[in-house]
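Subject: Structure handover

Hello,

Here is the structure for your files. My notes follow below it.

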Amino acid sequence: MSWRKAAASTDPEMTLLREQILAGFPNEKCNLQAALRPYWCARDRLAIDEADDVIVVGARVVILKSICAAVLRDLIQMHKGAIKLRQRARMSVYWPKMGVDVAYTARSCKKCAKRLPSHPPEPLKPHKPLRVRLKNKMGKSILLFQIHNSDSTNLDSNFTTEKKT
Ligand SMILES: [Zn+2]
């Protein structure tokens with residue numbers, strides 16, 4: 001099963017979004033169906049990456065709601081504080097209100113909370129972008145992403161059974 005089919009069968013929002021991108025967005029937000037209004041701000045940058053069969057916002061991959069929590073969980077392990085984590089996330093991934101979610105997650109982490117803006121800035125080093133990639137394996141869609149230099153995380157998301165939002 002392709003990612004497109006897997007996502008389409010279980011994630012109505014992504015299916016709607018894909019159709020809307022192909023059809024074009026209306027001129028007024030009120031003419032957009034409610035489920036897609038969170039994407040209104042990004043409407044000019046939303047596109048379908050046919051090569052990888054994913055929806056993108058610029059260079060960022062639009063992440064399914066069911067995977068956001070896992071992305072946040074991995075991101076937070078960097079313990080860089082809300083601002084840096086948000087910068088890092090914005091290099092690679094997108095979902096509506098992502099900045100709010102990242103900030104909220106960082107606030108709930110003790111190690112991140114120590115990294116307040118008053119904290120002395122750490123020496124500048126080149127940041128490796130968060131690498132996000134979708135792979136099909138045995139009928140499952142797998143989101144791979146890598147932060148730090150360290151481990152790549154293998155998120156096994158079975159879209160055929162996973163329906164949580
Ligand atoms: Zn943290």
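The largest nonpolar core has 23 residues, and Val62, Ile63 and Val102 make the most contacts inside it. A nonpolar core here is a set of buried Ala, Val, Leu, Ile, Met, Phe, Trp, Tyr and Cys residues joined through C-beta atoms within 7 Å. Buried means that 20 or more other C-beta atoms lie within 10 Å of the residue's own, with C-beta atoms placed from the backbone.

This is a predicted model: local features need pLDDT of at least 70, side-chain atom pairs count only at pLDDT 80 or more, and totals for chains, interfaces and linings use all residues. Residues are numbered from 1 along each chain as its sequence is written.

At least two residues of this core come from each of strand S2 (54-57), S3, helix H3 (65-76), helix H4 (82-92), S4 and helix H5 (98-107). H3 gives the most, four residues. Helices (H or I, at least four residues) and strands (E, at least two) are DSSP runs, numbered from the N terminus.

Ile63 touches Cys68, Val71, Val93, Tyr94 and Trp95, leaving aside residues up to four places away in sequence. Contact means C-beta atoms, placed from the backbone, within 7 Å.

Now the sheet. It is open, with four strands in the order S1-S2-S3-S4 and mixed pairing. Strands S1 (46-49) and S4 (93-94) are the edges, each pairing on one side only. Pairing requires at least two DSSP bridges between strands. S3 (residues 60-62) and S4 run parallel, joined by two bridges. Val61 sits opposite Val93 in S4.

Last item: just after H2, Gly24 has a positive phi of about 95 degrees.

Best wishes

Definitions and conventions
A residue is buried if 20 or more other C-beta atoms lie within 10 Å of its own, exposed if 12 or fewer, and partly exposed in between; C-beta atoms are placed from the backbone. Two residues are in contact if their C-beta atoms, placed from the backbone, lie within 7 Å.
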